[in-house]
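Below is a short report on one structure. Look over the sequence and the model before reading on.

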Amino acid sequence: MKSLNPWIFAASVAALVSAAPATVAAEDISGTIVRTLVLSENTRLVGNITCTVTGGPCIAFGAPDITLLLNGFTITGPADPATGCGGTNVGTDIGISTNGQTNVGIRGPGVVQRFRADGVLFMATVRGWVQGVTATTNCMSGIRINPASSQISVESNVSVRNGTAAAACGGI
Amino acid sequence: MGNNNLVEANSAIGNANGIVVFPAANGNQVRQNIAVGNPPIQQSTSVPTGGGVDIWDQSAAANGNTFAGNMCLSAINAPCPAFSTAAIPRKPGS
């Protein structure tokens with residue numbers, strides 16, 4: 001049997017290793033979400049997301065110490081596409097909820113828009129952050145920290161056209 | 001807003017309210033934000049009783065929420081800086 005040239009063999013293995021996908025430490029998401037997506041690990045968007053979830057958040061954190069990276073993409077909720085909110089708020093229809101998890105974060109750039117409640121809600125979270133996110137045309141607040149949350153950093157975000165006259169909500 | 005949070009370097013424009021600190025909140029820092037045009041003109045004229053301001057501190061003064069270096073034009077219980085017009089170019093003779 002003809003033996004393999006050790007240099008060619010070594011080069012082939014190296015090529016295979018480099019061609020193989022890198023170890024994926026994060027989940028990649030995009031497309032349409034029809035029921036609440038619960039995050040259990042670091043997650044990033046790899047495309048825009050359209051969300052048709054009602055009665056709960058579109059995306060909810062399900063573990064502590066993880067990050068959602070918007071990666072320049074947009075998460076769009078089911079509120080009126082022409083007018084943004086353009087109607088009454090529905091308190092359960094949140095874009096992203098931290099869902100009581102500790103030390104979780106959301107990093108932009110990226111857009112969270114057209115949710116009938118808050119775009120981003122820190123719900124009973126201790127230590128968390130949202131950075132570089134644009135929240136627009138959500139029916140309640142663009143970014144809200146609920147009273148049970150503490151040590152949250154809201155930094156370098158843009159909040160435009162959120163809330164309705166009926167709700168004393170606002171950009172942040 | 002809950003307790004001991006930091007709201008820094010954000011822009012809040014054209015919302016029902018810009019930045020709101022709720023009554024039970026304490027120990028929060030709101031600084032270096034730009035909050036203008038809240039509520040948007042369209043909402044103000046069509047729903048005049050809706051209210052809304054750029055920064056609204058609904059908490060008691062004893063709660064220790066602080067506001068520093070924010071740019072706003074309307075506020076309740078929070079400071080908006082008095083902008084100087086001295087640097088605005090003026091037509092000669094006016």
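## Strand S8 of chain A

In this predicted model, strand S8(A) and strand S10 (residues 126-136) of chain A pair in the parallel sense over eight bridges. Strands (E, at least two residues) and helices (H or I, at least four) are DSSP runs, numbered from the N terminus, and two strands pair if DSSP finds at least two bridges between them. Within this pairing, Ile106(A) has Val130(A) in S10(A) as its bridge partner.

Being a predicted model, it is read with limits: local features need pLDDT of at least 70, side-chain atom pairs count only at pLDDT 80 or more, and totals for chains, interfaces and linings use all residues. Residues are numbered from 1 along each chain as its sequence is written, while chains are lettered from A and ligands numbered from 1 in the order in which they are written.

S8(A) also pairs with two other strands of chain A, S5 and S6.

Eight of the 10 residues of S8(A) are buried, so the strand is largely enclosed by the rest of the structure. A residue is buried if 20 or more other C-beta atoms lie within 10 Å of its own, exposed if 12 or fewer, and partly exposed in between, with C-beta atoms placed from the backbone.

## The nonpolar core

The largest nonpolar core has 53 residues. Such a core is a set of buried Ala, Val, Leu, Ile, Met, Phe, Trp, Tyr and Cys residues joined through C-beta atoms within 7 Å. Among the residues with the most contacts inside this core are Ile106(A), Val120(A), Ile19(B) and Ile55(B). Strand S8 (residues 104-113) of chain A gives the most to the core, with four residues. In soluble globular proteins, nonpolar side chains tend to be buried together.

Which residues does Val120(A) touch, not counting residues up to four places away in sequence? They are Gly95(A), Ile96(A), Ile106(A), Val112(A), Val130(A), Val133(A), Ala135(A) and Ile143(A). Two residues are in contact if their C-beta atoms, placed from the backbone, lie within 7 Å.

Chain B has one helix and nine strands, in the order β-β-β-β-β-α-β-β-β-β along the sequence. Buried residues make up 36% of its 94 residues.

Three strands of chain B form an open sheet in the order S3-S6-S9, with parallel pairing. S3(B) and S9(B) (75-76) stand at the edges, each with a single partner strand, so one side of each is left without a neighbour in the sheet. Strand S6 (residues 55-57) of chain B is joined to S9(B) by two bridges, and Ile55(B) stands opposite Ala75(B) there.

The contact between the chains takes 29 residues from chain B and 28 residues from chain A. On the chain B side, strands S1 (6-8), S2 (11-13) and S3 (19-21) are the elements that give two or more residues. Strand S12 (residues 150-155) of chain A runs parallel to S1(B), joined by three bridges, and Ser153(A) stands opposite Leu6(B).

## Confidence

Chain A averages a pLDDT of 86, and 81% of the residues score at least 70; pLDDT is the predictor's confidence in each residue, from 0 to 100. Over residues 7-25 of chain A the pLDDT is below 50. Where pLDDT is low, the predicted coordinates should not be read in detail.
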